[in-house]
Amino acid sequence: MKLFNSVLVVTSLFLSASAFAHVGLGSSMPANGAMLSQAPTKLELTFTAPVRLVKLTMQDEKQQSVPLTLPSGATSQAAFSFGLPVLSAANYTVNWMIMGDDGHKMKGNMSFMLHNSGMNTHSAPPMTMEHETSEHTAHQ
């Protein structure tokens, strides 16, 4: 009987801990803390269970907002994808608020950095061979 009571207590503690576990961000693209040399064209958020995305904002380090459009459907889903405008080199923070099927709201954030290297910021004039060609022709 003592063993049965011990198993019952341990099982109750395990189940109550599971009840307090909430949905969170499972993964994102770009990944949280990523340092990118190429600007991402989309933002993907994958949560650990289906949720309704209540609020989503994205800002650079100067608190300039990047426009994002929330999904219009009221159905829960685990993965969300958003097209991004052309981003410049900066640190970006994405803040989200979700609501689980139990009605509990949770919020969190993730961030990534976009480096200036690898971005095409300088455009060199194309090389031409016209001058050399005309000189070469003049010597013939």
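1. In this predicted model, Phe-47 and Phe-80 are both buried. For Phe-47 the relative accessibility is 4%, and because residues under 20% count as buried, that value places Phe-47 among the buried residues.

2. Phe-47 also forms an aromatic pair with Trp-96, and this pair is edge-to-face, with 5.1 Å from centre to centre and 80° between the planes.

3. The structure holds three aromatic pairs. In one of them, the rings of Phe-47 and Phe-80 have centres 6.1 Å apart and planes at 75°, so this pair, too, is edge-to-face, given that planes over 60 degrees apart are classed in that way. Since Phe-47 belongs to strand 3 (residues 42-60) and Phe-80 to strand 4 (residues 77-83), the pair ties together parts that are 33 residues apart in sequence. Taken together, ring pairs link Phe-47, Phe-80 and Trp-96 into a cluster.

4. The largest nonpolar core has 25 residues, and of these Met-58 and Phe-112 touch the most other members. Two or more residues come from each of strand 2 (34-36), strand 3, strand 4, strand 5 and strand 6 (105-114), and strand 3 gives the most, with seven residues.

5. Leaving aside residues up to four places away in sequence, Met-58 touches a set of residues that includes Val-66, Leu-68, Leu-84, Leu-87, Tyr-92, Val-94 and Phe-112, and Gln-64, Ser-65 and Thr-93 are also among them.

Methods. Residues are numbered from 1 along each chain as its sequence is written. This is a predicted model: local features need pLDDT of at least 70, side-chain atom pairs count only at pLDDT 80 or more; totals for chains, interfaces and linings use all residues. Side-chain values use heavy atoms; hydrogens and water are left out. Rings of Phe, Tyr and Trp (its six-membered ring) pair if their centres lie within 6.5 Å; planes under 30 degrees apart count as stacked, over 60 as edge-to-face and the rest as tilted. Helices (H or I, at least four residues) and strands (E, at least two) are DSSP runs, numbered from the N terminus. Buried means under 20% relative accessible area, exposed over 50%, partly exposed in between (1.4 Å probe, protein chains only). A nonpolar core is a set of buried Ala, Val, Leu, Ile, Met, Phe, Trp, Tyr and Cys residues joined through side-chain atoms within 4.5 Å. Contact means heavy atoms within 4.5 Å.
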